[in-house]
Amino acid sequence: MKSILQKTKRCILCGSVKDLECHHVMFGPYRSVSEKEGLKVWLCPLHHRGNRGVHMNRMADLTVKKWAEAKYVSAYGKERWMERFGKDYEGAETSGFRVLEGL
Ligand SMILES: [Zn+2]
Ligand SMILES: [Zn+2]
């Protein structure tokens, strides 16, 4: 998996190494841009499609998007983010979830 966000194959929300699934951070209409830009992360089944997962839980989704945006912006700038993804997640509320840094 080509990712600009993550080096190791672990769930970015809990560190699990079991049954990991590849997630496109900006999905839906932005899935192919995510693919091209390397905005992909590993998630365990619970944090991917489970009830604590980014596809089911808005807070989990926003936590990952906000974190990904910050990383992307520090590498390429805000203008390019907005141009590619059209929405700013910088001020999004993300209680209850935290991305594990350094994975
Ligand atoms: Zn997990
Ligand atoms: Zn996904």
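Ile-4 sits in the segment before β1 (21-24); helices here are DSSP runs (H or I, at least four residues), strands likewise (E, at least two), numbered from the N terminus. This is a predicted model, with local features needing pLDDT of at least 70 and side-chain atom pairs counting only at pLDDT 80 or more, while totals for chains, interfaces and linings use all residues. Residues are numbered from 1 along each chain as its sequence is written, and chains are lettered from A and ligands numbered from 1 in the order in which they are written.

For the cut-offs, buried takes 20 or more other C-beta atoms within 10 Å of the residue's own, exposed 12 or fewer, and partly exposed is in between, with C-beta atoms placed from the backbone. Leaving out residues up to four places away in sequence, Ile-4 touches Glu-37, Gly-38, Leu-39 and Ala-75; contact means C-beta atoms, placed from the backbone, within 7 Å.

On to the helix α3. Its 19 residues should span 27 Å at 1.5 Å a residue, and the end C-alpha atoms are 26 Å apart, which agrees. The expected span is 1.5 Å times one less than the number of residues. Among the buried residues of α3 are Asp-61, Lys-65 and Glu-69, and the buried set packs against β2 (40-43), α2 (45-48) and α4.

Which residues touch the most other members of the largest nonpolar core? They are Val-41, Leu-43, Val-64 and Ala-68, out of 19 residues. A core here is a set of buried Ala, Val, Leu, Ile, Met, Phe, Trp, Tyr and Cys residues joined through C-beta atoms within 7 Å. β2, α3 and α4 each supply at least two residues of this core, and α3 gives the most, with five. Ala-68 also touches Leu-5, Val-25 and Leu-39, again not counting residues up to four places away in sequence.

Last stop, the end of α3. Just after α3, Gly-77 takes a positive phi of about 95 degrees. Helix α3 (residues 58-76) and helix α4 (residues 78-85) pack at about 125 degrees, with axes 7 Å apart. The contact is made by Glu-69, Tyr-72, Val-73 and Tyr-76 of α3 and Lys-78, Arg-80 and Trp-81 of α4. Axes are lines fitted to C-alpha atoms, for helices over the stretch in contact, with angles from 0 to 180 degrees between N-to-C directions.

Note on methods: Two residues are in contact if their C-beta atoms, placed from the backbone, lie within 7 Å.
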